[in-house]
Amino acid sequence: VLPELPAETRIRFEQEFGVKAEDIETYLHDTALGAWFADVAACFSDKESIVVASNFTTSDLLGLQAKDATLALPGAKAFADLIALFREGKLSSRATKDILLTLMKEGGDPLKIATERDLFQMSNESELSPVIDSVIAANDKMVADYKGGKDAALQGLVGLVIRDTRGKANPQITFDILQKKITR
C-alpha cells in the first residue's frame, strides 16, 4: 500500500475534518502531528469538535511545545476527551489549557485531572447567584451605568464575578444571570 500523497491528505483533512487550510499545512509539514491529529479527529462524530481540537492543537499545543521541546503529544483519546469537556462548557479555556499542559507533561485522564484540581466551570445558577448578588451589591455605579445604557459595564460585572470565583464562572451564563437580575 502506497502512503497517501500530500495532495490527497490535504483534500481528506479539508473534506472529512473541515479544518483551516493553514492547519492542514501544519499537519502536512509535521507528518507525526498529522497522524496524531487524524487519530484525535476519529474520536469525534462532528466537524465542529474537530475544528476546535485543531485550533487547540495549532495554537496552544504547538505553542507549549515551542516553549518546551520536551513536552510530548498527549494521547489522542485523552486530548479528544479534554476537547469534549471544553465543548460541553464544563471547562473554561484557561482550565483546558492548564489540563493540556499536564497531559503533555504527565499524561492522565482529563476528567480525573479536572476533578482532582477542582477546575470545572460554575454553570449552575444556584451556585453562581450568591456571588453575582454580592458583586451587584458592591458595585452600584457599574449597575447604574449598565441601566443607563453602558453595555461595557455589564462586561465589567461579569469580569468581577469571574475574578471572585477564581476563573470558574461560566462567562455566558454569568452574563445572562446578571442581565436578568439587573433589568428586573
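# Helix packing and cores in a predicted model

Glu48, Ser49, Val52, Ala53, Phe56, Thr57 and Leu61 of helix α4 meet Phe79, Ile83, Phe86 and Arg87 of helix α5. The structure is a predicted model. In its largest nonpolar core, which has 34 residues, α5 gives the most, with 7 residues.

**Helix α4 against helix α5**

- The axes of α4 and α5 are 10 Å apart, and the two helices pack at an angle of about 110°.
- Angles of 65 to 115 degrees count as roughly perpendicular, and α4 and α5 are therefore roughly perpendicular to each other.
- The crossing in which α4 passes α5 is right-handed.
- By class, the residues of the contact of α4 with α5 are 7 nonpolar, 2 polar and 2 charged.

**Helix α3 against helix α5**

- Helix α3 covers residues 31-41 and helix α5 covers residues 76-87.
- Their axes come within 8 Å and cross at roughly 55°.
- This angle makes α3 and α5 oblique to each other.
- α3 also passes α5 in a right-handed crossing.
- On the α3 side the contact is made by Trp36, Asp39 and Val40, and on the α5 side by Ala76, Phe79 and Ala80.
- The contact of α3 with α5 has 5 nonpolar residues and 1 charged residue, with no polar ones.

**Helix α1 against helix α4**

- α1 and α4 have axes 9 Å apart and pack at an angle of about 125°.
- At that angle, α1 is oblique to α4.
- Gln15, Glu16 and Phe17 of α1 make the contact with Lys47, Ile50 and Val51 of α4.
- The contact of α1 with α4 divides into 3 nonpolar, 1 polar and 2 charged residues.

**Nonpolar cores**

- In soluble globular proteins, nonpolar side chains tend to be buried together.
- Within the largest nonpolar core, the residues that touch the most other members are Phe13, Phe17, Trp36, Phe37, Val40 and Phe79.
- Two or more residues of this core come from each of α1 (6-17), α2 (21-29), α3, α4 (47-67), α5, α6 (93-106) and α7 (110-116).
- α5 is the element that gives the most to this core, with 7 residues.
- Apart from this core lies another one, of 17 residues, and Ile132, Tyr146, Val158 and Leu160 are among them.
- Trp36, a residue of the largest core, is in contact with Thr57, Leu61, Leu73, Pro74, Gly75, Ala76 and Phe79, leaving aside neighbours within four places in sequence.

- Ile83 lies in helix α5.
- Buried means under 20% relative accessible area, and Ile83, at 0%, therefore counts as buried.
- Not counting residues up to four places away in sequence, Ile83 touches Phe44, Ser49, Val52, Ala53 and Phe56.
- From Ile83 to Ala152 the C-alpha to C-alpha distance is 30 Å, and the two are 69 residues apart in sequence.
- Ser92 lies in the loop between α5 and α6.
- With a relative accessible area of 14%, Ser92 is buried.
- Phe86, Gln121 and Gly167 are touched by Ser92, not counting residues up to four places away in sequence.

- Most residues other than glycine have a negative phi.
- Asp118 has a phi near 55°, a positive value in a residue other than glycine.
- Asp118 lies in the loop between α7 and α8 (125-138), and at 43% relative accessibility Asp118 counts as partly exposed.
- Arg166 is not a glycine, yet its phi is positive, at about 55°.
- Arg166 is placed in the loop between α10 (151-164) and α11 (171-182), and with a relative accessible area of 66% Arg166 is exposed.

**A residue of helix α11**

- Asp176 is in helix α11.
- Asp176 has 39% relative accessibility and counts as partly exposed.
- Asp176 and Asp46 are 130 residues apart along the chain, and their C-alpha atoms are separated by 27 Å.

Key:
Residues numbered from 1 in each chain as written. Predicted model: local features only at pLDDT ≥ 70, side-chain atom pairs only at ≥ 80, totals over all residues. Heavy atoms only, no water. Axes fitted to C-alpha atoms, helices over the stretch in contact; angles between N-to-C directions. Helix = DSSP H or I, 4+ residues; strand = E, 2+ residues; numbered from the N terminus. Parallel < 35°, antiparallel > 145°, perpendicular 65-115°, else oblique. Left-handed = near helix turned anticlockwise from the far one by under 90°. Contact = heavy atoms within 4.5 Å. Nonpolar A, V, L, I, M, F, W, Y, C, P; charged D, E, K, R; others polar. Buried < 20%, exposed > 50% of the residue type's maximum accessible area, 1.4 Å probe, protein only. Core = buried A, V, L, I, M, F, W, Y, C linked by side-chain atoms within 4.5 Å.
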